[in-house]
Amino acid sequence: MPHRILVFGGSGAIGGAIAAAAARRGWQTIAVARTAPAFEEPGVTALAFDPFAMELAGSELAAAGPFDAVCWAQGANVNDSIRTVDLQKHEELYRANCTYILLTLQALLRKRKLRAPAKLCVISSIWQNIARGNKLTYGMTKAALQGLVLSLAADLGSEGHLVNAVLPGALDTPMTRKILSAEQIGVLESATLFGRLSTLEDVASAVLYLCSPENTGITGQFVAADLGFSRVRIL
């Protein structure tokens with residue numbers, strides 16, 4: 001039976017890269033977003049599902065299961081600090097980055113849509129462990145994912161499920177190059193021995209290993225796909 005992976009956040013750059021890479025491996029790949037993402041990659045089934053507005057039971061997503069692996073690559077970002085934080089936006093970001101995972105995983109478990117042992121992977125960020133200026137809400141919600149992954153690993157281990165997170169750093173995407181200046185990108189590129197930014201492929205490769213049948217014992221771990229930026233940095 002082909003390995004089947006569910007990727008939430010399929011309309012985003014990271015989720016899209018993970019779904020495309022999984023399909024190229026021959027995995028049955030279901031990519032989900034609140035509005036169905038567009039995919040040209042053969043082997044990707046794109047579906048719309050909003051856990052805040054609909055039930056899993058009776059949905060196309062439920063019919064596509066059960067799943068051997070699930071990756072949560074959805075999420076949102078905002079710039080704020082203690083002086084500028086807006087409570088409504090703060091709570092909205094928590095819903096997008098954290099509550100979304102709680103609702104979808106709970107529904108998958110209740111409807112028995114996970115094959116045991118399932119491989120579960122959350123896309124967090126190196127900024128769950130490192131402080132950046134003007135990133136209060138984003139850093140808080142990513143830090144909350146650390147507690148979520150560890151709690152899930154503890155609660156679901158008896159069922160054989162493995163739960164991990166991949167932590168990207170600054171990625172070489174059109175959005176990054178639009179937001180950051182050439183000087184800022186140069187500083188990031190020169191911060192490691194590799195002379196480049198991490199890529200979407202770097203992140204996808206880490207996720208697919210953790211979600212693959214080859215992962216038989218890694219759980220409760222946080223893998224930084226950042227070319228060593230957060231741990232082995234040139235000063």
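Arg 24 is exposed, with a relative accessible area of 55%, where exposed means over 50% relative accessible area, buried under 20% and partly exposed in between, computed with a 1.4 Å probe on protein chains only. This is a predicted model, in which local features need pLDDT of at least 70 and side-chain atom pairs count only at pLDDT 80 or more, while totals for chains, interfaces and linings use all residues. Residues are numbered from 1 along each chain as its sequence is written, and side-chain values use heavy atoms, with hydrogens and water left out.

The partner of Arg 24 is Glu 41, and the closest N and O atoms of this salt bridge are 3.6 Å apart; the term stands for a side-chain nitrogen of Lys or Arg within 4 Å of a carboxyl oxygen of Asp or Glu. Because Arg 24 belongs to helix α1 (residues 13-24) and Glu 41 to the loop between β2 (28-33) and β3 (44-48), the pair ties together parts that are 17 residues apart in sequence. Helices (H or I, at least four residues) and strands (E, at least two) are DSSP runs, numbered from the N terminus. Glu 41 itself, at 24% relative accessibility, counts as partly exposed.

The structure holds six salt bridges. One of them joins Asp 172 to Arg 177, with the closest N and O atoms 2.8 Å apart, and both residues are partly exposed, Asp 172 at 32% relative accessibility and Arg 177 at 41%. These two residues are also linked with Glu 189 in a network of salt bridges. Another pair is formed by the side chains of Arg 196 and Asp 202, which meet at 3.0 Å, N to O; here too the residues are partly exposed, with 34% relative accessibility for Arg 196 and 26% for Asp 202.

How many of the residues of strand β6 (residues 162-168) are buried? Seven of its seven residues are buried, and the strand is mostly covered. Leu 162, Asn 164, Val 166 and Pro 168 point one way from β6, whereas Val 163, Ala 165 and Leu 167 point the other way, and all are buried.

Strand β6 runs parallel to strand β5 (residues 114-123), to which five bridges join it, and Lys 119 has Leu 162 as its bridge partner in β6. Two strands pair if DSSP finds at least two bridges between them. Strand β7 (residues 222-225) also runs parallel to β6, joined by four bridges, and in β7 it is Val 223 that stands opposite Val 166.
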